[in-house]
Amino acid sequence: MRSRPPASSLGAFAYYGGLRLLGLTSLRRRQQDGGLILCYHNVVPGDGGREGDPGLHMSCVRFERHMRWLALHYNVVPLHEFVQRVEMGASLQSVAAITFDDAYAGVFAHAAPLLEALELPATVFVVADAPGRSDLFWWDRPDVVTFAARPDTRQEWLTQLQGDQAAIVSSLGASAVAPLPSTHYAADWATIRAHAGRQLDIGVHSATHRSLTTLSDADLEREIVTSRAVIYHATGVWPQCFSYPYGLWDGRVRDAVRAAGYRAACTTDPEFYSRPADVCALPRLNVPAGISDGAFEAWTAGFRGSKAS
């Protein structure tokens, strides 16, 4: 049984609005010393969410509201500074970091200008084999979205098919699909390179976005080690942070990331209410594209968490 209404339900507006009206979200937020790392995916013009995975493509208008609210209520720091605070035992109260998984073109076209205007830093985690690719990520394909909504099917794709793009598309007998807007594709290297070192830091989100917990040691090395070298040669940036694809990790994967020399790694486990115990398993709050303002404020206060797509 669900103890909280989903952020997109009609009942959620009353529930989360009531929390805000009673001042409970503000009170809970002031009591936390775990810090807050937000995980977004894409930012697109219009109302967002009509094409591709409906949970990933947030409208510019909603994203701007989030960022302006965040700037008023948190000290937003670069991810590497957040990690440093964890390592030094410094306070994380009202400290937040912003991250994006997958390095969609929409992030650079629509999120980056706003972040620069508000002087908010963020980290973008790049899938090394994706920049400039002409095909969509598998979860954005219109012929896949319907199937992906079934938990049992998705679980099979992430385990038996290892989250592998070609295997998942092939399993459906899927053919070519009509193109989506350019914002829904991975950004190219020139775009990523142009933004690196400004408001956006660059991290690694593996080589191919497969489920790391299902891979052999040799494949795991390519996803964790080789991907970093590819991003370095394309951008001139030697990434310090890693993000686990699909939020999937275990002790073996975490140890491989640590052995590769990464300073920190991010999960999508939402248990950010207490201080992180391991910088290679930093919890993040995954932010659904259609979340209401009231739900967003409540989730950041710890009234609800969410696993990532």
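**Exercise 1.** In this predicted model, the axes of helix α10 (residues 217–235) and helix α11 (residues 251–259) come within 10 Å and cross at roughly 50°; determine which orientation class describes α10 relative to α11, which hand the crossing has, and which residues make the contact.

*Solution.* The crossing in which α10 passes α11 is right-handed. On the α10 side the contact is made by Asp-217, Leu-220 and Ile-224, and on the α11 side by Arg-252, Val-253, Ala-256 and Val-257. Sorted by class, the residues of this contact comprise five nonpolar and two charged, with no polar residue.

**Exercise 2.** Helix α3 (residues 60–73) and helix α5 (residues 105–118) pack with their axes 11 Å apart, at an angle of about 25°; carry out the corresponding analysis for this pair.

*Solution.* Since angles under 35 degrees count as roughly parallel, α3 and α5 are roughly parallel to each other. Their crossing is right-handed. Cys-60, Phe-63, Glu-64, Met-67 and Arg-68 of α3 meet His-110, Ala-111, Leu-114, Leu-115 and Leu-118 of α5, and the residues of this contact divide into seven nonpolar, one polar and two charged.

**Exercise 3.** State how many helices and strands the protein chain has, and what percentage of its residues count as buried.

*Solution.* The chain has twelve helices and ten strands, and 52% of its 309 residues count as buried.

Methods: Residues numbered from 1 in each chain as written. Predicted model: local features only at pLDDT ≥ 70, side-chain atom pairs only at ≥ 80, totals over all residues. Heavy atoms only, no water. Helix = DSSP H or I, 4+ residues; strand = E, 2+ residues; numbered from the N terminus. Buried < 20%, exposed > 50% of the residue type's maximum accessible area, 1.4 Å probe, protein only. Axes fitted to C-alpha atoms, helices over the stretch in contact; angles between N-to-C directions. Parallel < 35°, antiparallel > 145°, perpendicular 65-115°, else oblique. Left-handed = near helix turned anticlockwise from the far one by under 90°. Contact = heavy atoms within 4.5 Å. Nonpolar A, V, L, I, M, F, W, Y, C, P; charged D, E, K, R; others polar.
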